[in-house]
Amino acid sequence: MSEILRSRTFQPGLDLTPLRDRIHGDVVGPGDYAWDEVRQAWNLSVDQHPAAVALPESPEDVVAIVAFAKANDLRVAPQGTGHGAAALDRLDDTILLKTERMRKVTIDPDTRIARAEAGVIWIEVVEAAAEHGLAALAGSSPDVGVVGYTLGGGLSWLARKHGIGANQVTAIEVVTASGDFVRADWANEPDLFWALRGGGGAFGIVTAIEFNLFPLEEVYAGILWYPVDRAAEVLKVWRAWTDDLPDEMTSVGRILQFPPIPEIPEPVRGQSFVVVEAIFAGEPDEGERLLEPLRALGPVMDTVTTIPVEELSKLHMDPEGPAPGTGDGGMLDDVDGHLIDLFVEHVVGTPILSAELRHLGGAVARRSLQHGAVDVFEAPYIMYAVGIAPTPEARKVVDSAVGRLRHMLAPWEGEHTYMNFAETRRKPSSLFSSASYHRLRRIKAIVDPTDLIRSNHPITPAF
Ligand SMILES: Cc1cc2nc3c(=O)[nH]c(=O)nc-3n(C[C@H](O)[C@H](O)[C@H](O)COP(=O)(O)OP(=O)(O)OC[C@H]3O[C@@H](n4cnc5c(N)ncnc54)[C@H](O)[C@@H]3O)c2cc1C
């Protein structure tokens with residue numbers, strides 16, 4: 001551990017020395033020079049104040065951190081990147097365990113299985129898999145953490161074809177609250193394996209995850225851009241178009257309102273659009289034929305073309321690197337003309353930067369006994385809206401716009417929501433089917449009866 005990180009720790013009553021002496025990674029406390037840097041989440045609008053931050057480099061380090069936390073009556077909150085930090089509760093009695101140094105990725109081209117250590121971000125897997133002509137069920141953002149995303153479910157551009165990411169996991173290595181290092185799969189710790197696949201981060205500290213890849217080198221994908229004053233018209237045509245699509249086609253209807261800031265590229269800076277993002281994992285000719293009704297609307301820009309599958313990581317234009325944002329989302333049981341009118345009315349001209357409607361269905365709606373805690377997404381669409389929040393005041397303004405939008409769409413909101421798109425604290429029972437929720441609570445009582453492990457969407461043990 002470096003002297004810079006070690007110096008000037010002070011926190012009355014908490015001596016971090018025994019932990020520092022035991023692990024290869026670093027331990028940083030309030031008052032250390034690096035404190036403000038290490039306590040920071042990817043989402044810069046979240047201000048985290050844990051009791052200490054631990055940066056393990058191995059499963060052995062994680063075991064030592066768990067033992068130290070227990071000995072000092074502290075809890076442990078695992079964090080990969082902090083994309084999902086907004087929903088985390090106060091951390092003052094908690095060690096924030098950041099996995100960012102555990103970054104090894106291995107691809108087995110024969111079994112088509114990837115192994116990612118806990119701190120790996122999606123672009124690292126996507127690029128390594130592409131070298132073998134394989135694709136992963138990555139989300140829209142290149143730097144979301146593979147583990148946090150997958151434990152929460154995982155909604156990728158290929159989800160309608162291959163299902164929820166968590167349901168393609170083949171094994172998970174985890175340090176449990178009792179301090180044991182276990183490999184959970186179909187044969188070992190099957191209940192824990194089931195809970196981790198969609199139940200979130202409340203069941204253990206994952207140190208590595210393994211999951212299926214799919215042979216796919218290119219997709220026909222891109223964005224159709226239209227002026228924002230055509231938002232209702234375009235979204236209604238998009239919605240009708242989604243009624244009859246093969247599982248290979250995934251799409252998003254979205255309003256984008258770019259602020260006039262230098263971080264936004266020149267051609268779109270300060271402008272607003274309604275767009276359709278389309279990703280077709282089939283023959284380009286077929287994709288072209290399917291897109292005809294949307295092209296007939298006369299987009300002002302059309303970037304849909306054949307691209308290497310790894311370029312999907314940039315398609316949604318998510319920020320690369322830490323950014324201050326606040327947003328929220330929910331499942332929608334239907335998207336009809338009335339909803340679209342309200343959606344447009346409560347997004348256009350507000351501080352919301354992006355409001356999207358993603359089309360679900362296909363493989364994410366197909367049940368299987370092999371699946372984990374999130375079997376399917378029943379709702380056919382999901383909404384997510386977000387704005388830039390560099391200050392607490394800006395955060396309040398965006399939160400209130402997003403809250404108003406969600407309120408207007410409440411009559412259409414599905415019974416269950418999707419953990420990864422919920423950035424406000426929800427009733428845990430609303431994230432799962434009733435059967436899954438009760439099973440998760442019983443498993444939590446067995447694997448973590450004292451609720452040592454703190455996740456952003458907690459599950460309370462049921463005894
Ligand atoms: C710009 C952006 C784009 C996104 N796009 C998509 C998308 O396309 N599809 C989608 O499904 N989601 C998407 N998300 C949501 C994202 O999947 C969630 O925020 C997810 O929780 C992020 O995981 P993380 O590890 O990066 O974040 P973190 O905040 O580090 O982790 C979130 C939670 O996961 C758990 N966790 C993380 N690491 C571990 C571990 N090692 N062991 C145990 N628990 C752990 C913890 O409970 C933690 O609080 C997006 C989010 C953002 C901000």
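Arg439 lies over the face of Trp194, 4.0 Å from the ring centre. Arg197 does likewise with Phe193, at 4.1 Å from the ring centre. The model is predicted.

**Aromatic pairs**
- The count of aromatic pairs comes to 10.
- One of them joins Trp122 and Phe211: the ring centres are 5.6 Å apart and the planes meet at 65°, over the 60 degrees required, so the pair is edge-to-face.
- This pair links distant parts of the chain, 89 residues apart. Trp122 sits in helix α5 (residues 122-130), and Phe211 in strand β10 (residues 205-212).
- Trp122 and Phe211 are both buried.
- Trp225 and Phe258 have ring centres 6.4 Å apart and planes at 35°, so this pair is tilted.
- Trp225 belongs to strand β12 (residues 218-227), while Phe258 is in the loop between β13 (249-257) and β14 (272-280), so the pair ties together parts 33 residues apart in sequence.
- Trp225 is buried, at 5% relative accessible area. Phe258 is buried too, at 10%.
- One aromatic cluster is formed by Phe377, Tyr384, Tyr418 and Phe421.

**Nonpolar cores**
- The largest nonpolar core has 58 residues. Trp122, Phe211 and Phe377 are among those with the most contacts inside it.
- Phe211 touches residues including Arg112, Trp122, Val125, Val146 and Thr170.
- A second, separate core has 41 residues, including Tyr220, Val234, Leu235 and Ala355.

**Thr417**
- Thr417 is in the loop between α14 (392-409) and α15 (434-447).
- Its relative accessible area is 8%, so Thr417 counts as buried, the cut-off being under 20%.
- Among the residues Thr417 touches are Gly329, Gly330, Met331 and Arg426.

Note on methods:
Residues numbered from 1 in each chain as written. Predicted model: local features only at pLDDT ≥ 70, side-chain atom pairs only at ≥ 80, totals over all residues. Heavy atoms only, no water. Helix = DSSP H or I, 4+ residues; strand = E, 2+ residues; numbered from the N terminus. Buried < 20%, exposed > 50% of the residue type's maximum accessible area, 1.4 Å probe, protein only. Contact = heavy atoms within 4.5 Å. Core = buried A, V, L, I, M, F, W, Y, C linked by side-chain atoms within 4.5 Å. Phe/Tyr/Trp six-rings, centres within 6.5 Å; stacked < 30°, edge-to-face > 60°. Lys NZ or Arg CZ within 6 Å of the ring centre and 35° of its normal. Lists of a residue's contacts leave out its neighbours within four places in sequence.
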